[in-house]
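Welcome! Please take a moment to look over the sequence and the 3D structure, and then we will walk through them together.

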Amino acid sequence: GALAATGFFFYLIEDLPKIATLADYRPATVTTVYAEGGEKIAEFYKERRLVTPLEDIPPMLVEAFIAAEDSRFYEHRGIDLQSIARAFFKNLEAGTIVQGGSTITQQVTKSFLLTPERSYTRKLKEAILAYRIDQAFTKEEILYLYLNQIYLGHGAYGVQAAAENYFDKSVQDLNLAECALLAGLPQAPSKYSPYRNAERAKQRQIYVLNRMVEE
């Protein structure tokens with residue numbers, strides 16, 4: 001049994017992606033064209049992303065995402081069995097998925113390194129990679145990757161593009177209510193879009209605010 005488990009582990013890790021590629025994060029961003037007078041006249045992009053340094057993202061917004069997505073982010077080592085168990089019982093109580101079990105580090109792993117395939121093998125690879133990322137990168141570096149890469153609906157990738165899409169302002173100018181709304185989007189951007197379902201978006205926003213109070 002032990003030999004079989006060891007063999008399976010080495011099978012899992014033999015073709016894992018290299019996490020070193022995350023250190024050279026330079027995604028395709030928006031190309032903006034301005035008129036001679038300085039007004040914006042066009043944008044060109046494959047994914048509408050505006051990369052923003054972590055120090056330019058308000059702490060309140062970072063706290064909102066952590067409260068909603070991974071409240072033990074600073075305590076775990078990439079995977080969090082306690083949060084998985086808590087999410088299971090919360091979802092059971094609600095009769096629907098209101099909490100996810102994936103950590104922010106696992107979400108970075110899925111976004112950058114793995115295919116969307118749903119299987120136990122892929123989940124195990126995700127856990128191994130998340131642990132390795134947590135060992136190799138600081139929590140701040142992981143947050144920088146996460147907040148700039150994450151899809152937040154309506155073509156917006158990252159928090160700066162989402163702030164412009166939903167509120168027509170820079171991420172630095174968001175208030176608490178706006179931070180909570182954005183932090184409620186990652187689980188299901190279409191489902192919680194304020195453009196498509198304002199009431200559902202409001203309920204999710206209140207959930208995030210309550211999580212911020214609890215944490």
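Which residues does Ala67 touch, not counting residues up to four places away in sequence? Ala67 touches Arg211 and Met212, where contact means heavy atoms within 4.5 Å. We will come back to Ala67 once the surroundings are clear.

What you see is a predicted model, in which local features need pLDDT of at least 70 and side-chain atom pairs count only at pLDDT 80 or more, while totals for chains, interfaces and linings use all residues. Residues are numbered from 1 along each chain as its sequence is written, and side-chain values use heavy atoms, with hydrogens and water left out.

**The whole protein**

The protein has 9 helices and 4 strands. Here helices (H or I, at least four residues) and strands (E, at least two) are DSSP runs, numbered from the N terminus. Read from the N terminus on, the elements follow the order α-β-β-β-α-α-α-α-α-β-α-α-α.

The protein has 215 residues, and 43% of them count as buried. Buried means under 20% relative accessible area, exposed means over 50%, and partly exposed lies in between (1.4 Å probe, protein chains only). The accessible surface comes to about 11900 Å², and 56% of that belongs to carbon and sulfur atoms. These areas come from the Shrake-Rupley method with a 1.4 Å probe, and for residues only the protein chains shown count as cover. Among contacts with a separation of 6 or more, 62% are between residues 24 or more positions apart.

**Helix 2 and its surroundings**

The buried residues are Leu61, Val62, Ala64, Phe65, Ile66, Ala67, Ala68 and Glu69. They pack against helix 4 (104-113), helix 6 (139-149), helix 7 (159-167), helix 8 (176-183) and helix 9.

Now back to Ala67, which has its place in helix 2. Ala67 is buried, with a relative accessible area of 5%. In sequence, Ala67 and Ala180 are 113 residues apart, yet their C-alpha atoms are 9.6 Å apart in space.

**Helices 8 and 9**

Helix 8 is mostly covered, with 6 of its 8 residues buried. Those residues are Glu178, Cys179, Ala180, Leu181, Leu182 and Ala183. Their cover includes helix 2, helix 7 and helix 9.

How do helix 8 and helix 9 cross? Their axes come within 8 Å and cross at roughly 105°. That makes helix 8 roughly perpendicular to helix 9. The axes are lines fitted to C-alpha atoms, for helices over the stretch in contact, and angles run from 0 to 180 degrees between N-to-C directions. Angles under 35 degrees count as roughly parallel, over 145 as roughly antiparallel, 65 to 115 as roughly perpendicular and the rest as oblique. Where the two helices meet, Leu176, Ala177, Ala180, Leu181 and Ala183 in helix 8 face Gln205, Val208, Leu209 and Met212 in helix 9.

Helix 9 (residues 198-214) has 17 residues and reaches 24 Å from its first C-alpha to its last, close to the 24 Å expected at 1.5 Å a residue. The expected span is 1.5 Å times one less than the number of residues. Buried in helix 9 are Ala201, Arg204, Gln205, Tyr207, Val208, Arg211 and Met212. They cover an arc of only 160° around the axis, which puts them on the same side of helix 9. The arc is that of the directions from the helix axis to the C-beta atoms. On the face turned away from the buried side sit the exposed residues Glu199, Val213 and Glu214.

Most residues other than glycine have a negative phi.

| Residue | Phi | Relative accessible area |
|---|---|---|
| His154 | about 55° | 33% |
| Asp168 | near 55° | 71% |

His154 is found in the loop between helix 6 and strand 4 (156-157), and His154 is partly exposed. Leaving aside neighbours within four places in sequence, His154 is in contact with Asn165, Tyr166, Ser193, Tyr195 and Arg196. The C-alpha atoms of His154 and Asn165 are separated by 7.7 Å, and the two residues are 11 residues apart along the chain. Asp168 lies in the loop between helix 7 and helix 8, and Asp168 is exposed.
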